[in-house]
Number of protein chains: 2
Amino acid sequence: MSRFEHESRSNEETAAAPNARVVTRTLGAELHLIKSKLAEYGARTRERLYEYLPDQEPREYLYDLVAAYPERSSGMLRPSLLIASARAFGATIEDALNTAAAVELMHNAMLVHDDIEDISDLRRGAPSLHQQAGVPLAMNAGDALGLLCLQPLLANASALGPLLTLWILEEALETMFQAVEGQALELGWRKDNVCDLDSSDYLRMVTKKTCWYTAIFPCRAGALIATGRALRPEQFVQFGYFLGTTFQIQDDILNVAGNRDIYGKDFAGDIVEGKRTLMLIHLFKHATTVDQSRLREYFALPYSERRNEDVQWIVTLMEDYGSIEFSRSFARRYAGAALFEFSKAFSGADDSEDSRFIESLVIHTLERKV
Amino acid sequence: MSRFEHESRSNEETAAAPNARVVTRTLGAELHLIKSKLAEYGARTRERLYEYLPDQEPREYLYDLVAAYPERSSGMLRPSLLIASARAFGATIEDALNTAAAVELMHNAMLVHDDIEDISDLRRGAPSLHQQAGVPLAMNAGDALGLLCLQPLLANASALGPLLTLWILEEALETMFQAVEGQALELGWRKDNVCDLDSSDYLRMVTKKTCWYTAIFPCRAGALIATGRALRPEQFVQFGYFLGTTFQIQDDILNVAGNRDIYGKDFAGDIVEGKRTLMLIHLFKHATTVDQSRLREYFALPYSERRNEDVQWIVTLMEDYGSIEFSRSFARRYAGAALFEFSKAFSGADDSEDSRFIESLVIHTLERKV
């Protein structure tokens, strides 16, 4: 029997309504592969990234702050996926390393500004940058991180040539636009206390805010680097969509139902911040009219007046109305679809450790505890 | 007699300690030239820039906000200087138009974030973007404007070729780094209430924060576009330094001593914001110990507790201690040095309307009322 039942399903069935049940246990060998690849590619990326952190003045007011998030430990998922994708299509690690450093810098730049916009107090187990340095200097350091991510992309020119360099820059720019559009939706919904959202709204937001830079860009940039050939616009988009969405839903679940002791961000912070997660959208939809209006009132409060008891009450509601279980099941279906899309998106790649790593990431993303 | 006395001075004298007295009246013909060039190049830039403002969702939460500052009337100094520099060295307007649109977008991106970081309420005669949309959405729209400025720079590839496109991108990136470094200094000094600054600190900050994107980049990018040849690292830097500093000092003077009726920003807002202008640095240095410690106390207050009477008191101190007159005189000397540097920096350019426009900008910058 196949390891993943979805493999026996028809194309249409899986793609149209992803409902493949997948084996949700990562085998030991796979776990070892994932850990070793994340460690190896993560370390190489970190080394390259550090070369781009300016060792110059102004330190206290800028470059020490710029280095803060990159120096904290992190999962290195995005650069590892990028390097693996490049290698799966025949490139070397070195070919992909600048772009891998760039995507990690891009991620860090977004985190700095997101933490300000979301008023998040914790990041990677330490105070967020604006808690440390105040909003103005943190904002400005976030701007610098965004610029810094362009440096390794421009440095691609010497090894990859000017044309491929420009293509990758265009991909990166498209990716960053997707991210600000997704962030705009999320911030706007919270600002206007929009409560009548649908899962399709969530999926649109998450595609932009998460999937593009977490999965679609890493795969596309990797393939571009390896082949030097223009990609079809839709290439890797479906795979990245299903993988990235699985990742984000699991991220949202961990925020309210994960292990507090190993969680490096504000526990249940999404509820305090009023993030429109799939769980919250499900809850809004299924709660009684009375609960709905209480929820609406809570999310109309200024941040400072959102009490701990209310947060706990909302987590309990999410459990009682099955919102968490709904999201878990949704993520499982999406992981199944991602596996199906993987086989199409990477059909041109060699069967290598790297392509097995990318495939294994799907279930790992679903099962991760942190 | 030469129109500008400095022309008879020796190189060393003017460059080392700029003290050339300049005629501070713009002739009618020059004023006409300046107005017509700013109008023509400004309109062309605006037209090109508008093509880059996305006409798509999300509108309310993103692209309407992105368009807000670019749609307000503005001086168009930077793109006009860029186009004139390109034409002076033999390019067409069309060759320079994408890069001109980019520098104006870059300027707007900086304004959006600066206004948040400075807590400025007004911009170009209307509420600042964060007043209009709240900090989170305004921050995010500023990020989008920063990305948007890269689009016309990438679009250069089809007309200017990939190599020149990459060079201009590198220049733009260097420029934006200079700007975040200058902004970091200014924000840091205010956060820590640093009061023992020197004019050399001011000049370092202003070189980064203002001169680079206002004058150095426009000249360098213009020359690059026209000649297609690599520039020496120091090319246009001295000219841009003197012109940009003249511009910034005059900007600071107008904030406290200009005409309130035509001023589009917060009048005396620099004092409320605690900006370390040349006037304030002069005042700190020359005030009595008693006034110094009162000033220090004022700037240690949170923004909300800085009273109007105190602002007026500080403006009066600046008048009484000669800080405003000191800055006026400083700006005049710098304008003189800029004129001297102009003749060197543009010695390879044709004697054209465009080079005369650039030269005339120096005195215009010094004399402008708005």
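Start with the interface: 37 residues of chain A are in contact with 37 residues of chain B, where contact asks for C-beta atoms, placed from the backbone, within 7 Å of each other. This is a predicted model, in which local features need pLDDT of at least 70, side-chain atom pairs count only at pLDDT 80 or more, and totals for chains, interfaces and linings use all residues. As for labels, residues are numbered from 1 along each chain as its sequence is written, while chains are lettered from A and ligands numbered from 1 in the order in which they are written.

**The A–B interface**

- On the side of chain A that touches chain B, the elements giving two or more residues are α3, α5 (93–118), α7 (135–148), α8 (150–160) and α9 of chain A. Helices here are DSSP runs (H or I, at least four residues; strands would be E, at least two), numbered from the N terminus.
- α9(A) gives the most to that side, with 17 residues.
- By residue type, the chain A side splits into 23 nonpolar, 8 polar and 6 charged.

- Most peptide bonds are trans, and most residues other than glycine have a negative phi.
- In chain A, the bond from A:Glu57 to A:Pro58 is cis, with omega near -10°. A:Pro58 sits in the loop between α2 (28–52) and α3 (59–71) of chain A.
- Chain B has a cis bond joining B:Glu57 and B:Pro58, with omega about -10°, and B:Pro58 lies in the loop between α2 (28–52) and α3 (59–71) of chain B.
- A:Asn193 isn't a glycine, yet its phi is positive, about 50°. You'll find A:Asn193 in the loop between α9 (162–191) and α10 (199–227) of chain A.
- A:Asn193 counts as partly exposed because it has 14 C-beta neighbours inside 10 Å; the scale calls a residue buried at 20 or more other C-beta atoms within 10 Å of its own, exposed at 12 or fewer, and partly exposed in between, with C-beta atoms placed from the backbone.
- B:Phe236 also has a positive phi, about 70°, without being a glycine. With 25 C-beta neighbours inside 10 Å, B:Phe236 counts as buried.

Definitions and conventions: Contact = placed C-beta atoms within 7 Å. Nonpolar A, V, L, I, M, F, W, Y, C, P; charged D, E, K, R; others polar.
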